[in-house]
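User: I would like to learn how to read helix packing and overall shape from a model. Could you take me through it step by step?

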Amino acid sequence: MVTSTLKKGLSLFKSNPITEQIDFASKKSIPIRHLAIGFDGKQIDLSFYMNNQFATIFFATLSVFLTYGEDLVIETARHHRDMLKDPILKQRVTSLIGQEAIHSKLHNEFNDAIVDLDYPVRLYRFLGEQFFDHIFLRFPQPLKLSLMAGIEHFTAVLAEYMMAHEQNFYFSDDAKTRALWMWHMLEESEHKDVAYDVYQTLNGNYALRVGGFFLAYFTILGLIPFSATMVPLLRKPQELFTSKFWRDARRGVKLIFSPKDGVFGSTQGRIFDYLRPDFHPNDHDATEYFEYYEKKLLSEGGALHPFFVKEFTPKVQAA
Ligand SMILES: [Fe+2]
Ligand SMILES: [Fe+2]
């Protein structure tokens, strides 16, 4: 009885790769862009996001923890790249790895700089490292692959929200923080289907995909907001006794979680769309935003232009 239930349970997670061939050649290739921003803690605006410190701290906390998520994406993508047969999908995975590696590098530079603002970077790095080293990175590869696809879904939803709310990045004069997030969001939208396509090609199991989604959900919308809430207490506890702090915090919670127009509150429908069995990241077409942003940000006068160094596209290697 127990054995048959166990067997039945395990069969739920059997891989079920998609058999129909996706024409990867029809997709636009993904360049790896190098940026040199050079953060200075003294110049970073801790009210960068819509003049609100609480919401800005949420993004700073995300910045610290997402480097670990990116490292997991890089490791998992590298592991699975060799198993792929399609040379163009392989090339897209190389682009994903390259983009994430530079995101992680620049976010780490940003994170180093906010130490000057008494942000508890060292403590959160320690916690992030423990959490990923002892839990997520020990998962079996199929679960890591599903988690990677789940994480990439969240960053894609975030990216598209941010691209649709461009003005939210212009409440501050801090051009470097703006460049960091706009570039990151642009590229998350650009490579949003890669992890998912790899998952479907190599595994495709629905139950496992849902498992990876909930792990990503719990981390991004559970652990990160909780850690962000602790920051004011660790940074400047005396501020908690001022009404200004609570006014700012109330508004900050709304900016992130309001079902009406909050970053994650108003995108729950989009987030849970991932549970649709026939979901694909490209069901939500962001091409128009993407093209507008790419052109606007990188051309002269654009937010990324002063920091842009070079870009290159990995070659397609014969299978
Ligand atoms: Fe990223
Ligand atoms: Fe990504």
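User: Is the crossing of α2 and α3 left-handed or right-handed?

Analyst: A crossing is left-handed if the near helix is turned anticlockwise from the far one by less than a right angle, and right-handed if clockwise. Here the crossing of α2 and α3 is left-handed. Please keep in mind that this is a predicted model, in which local features need pLDDT of at least 70 and side-chain atom pairs count only at pLDDT 80 or more, while totals for chains, interfaces and linings use all residues. Residues are numbered from 1 along each chain as its sequence is written, and chains are lettered from A and ligands numbered from 1 in the order in which they are written.

User: At what angle do the axes of α2 and α3 cross?

Analyst: Axes are lines fitted to C-alpha atoms, for helices over the stretch in contact, and angles run from 0 to 180 degrees between N-to-C directions. The axes of α2 and helix α3 (residues 87-113) cross at roughly 155 degrees and come within 9 Å. That makes α2 roughly antiparallel to α3, because angles over 145 degrees count as roughly antiparallel, those under 35 as roughly parallel, 65 to 115 as roughly perpendicular and the rest as oblique.

User: Which classes of residue make up the contact of α2 with α3?

Analyst: Two residues are in contact if their C-beta atoms, placed from the backbone, lie within 7 Å. Ala, Val, Leu, Ile, Met, Phe, Trp, Tyr, Cys and Pro count as nonpolar, Asp, Glu, Lys and Arg as charged, and the others, Gly among them, as polar. Among the residues that meet are V64, E70 and R81 in α2 and K90, L96 and F110 in α3. By class, the contact of α2 with α3 has 10 nonpolar, seven polar and six charged residues.

User: How do α2 and α4 cross?

Analyst: The axes of helix α2 (residues 53-81) and helix α4 (residues 121-134) come within 10 Å and cross at roughly 30 degrees, which means that α2 is roughly parallel to α4. The crossing of α2 and α4 is right-handed. On the α2 side the contact is made by T61, V64, F65, Y68 and L72, and on the α4 side by V121, Y124, R125, G128 and F132. By class, this contact of α2 with α4 has seven nonpolar, two polar and one charged residues.

User: How many helices and strands does the protein have?

Analyst: Helices (H or I, at least four residues) and strands (E, at least two) are DSSP runs, numbered from the N terminus. The protein has 11 helices and two strands.

User: What radius of gyration does the protein have?

Analyst: The radius of gyration is taken over C-alpha atoms, and the globule rule is 2.2 Å times the number of residues to the power 0.38. With 319 residues, a compact globule would have a value near 20 Å, and the protein's 20 Å agrees. Along the principal axes, its C-alpha atoms fill a box of roughly 60 × 55 × 35 Å.
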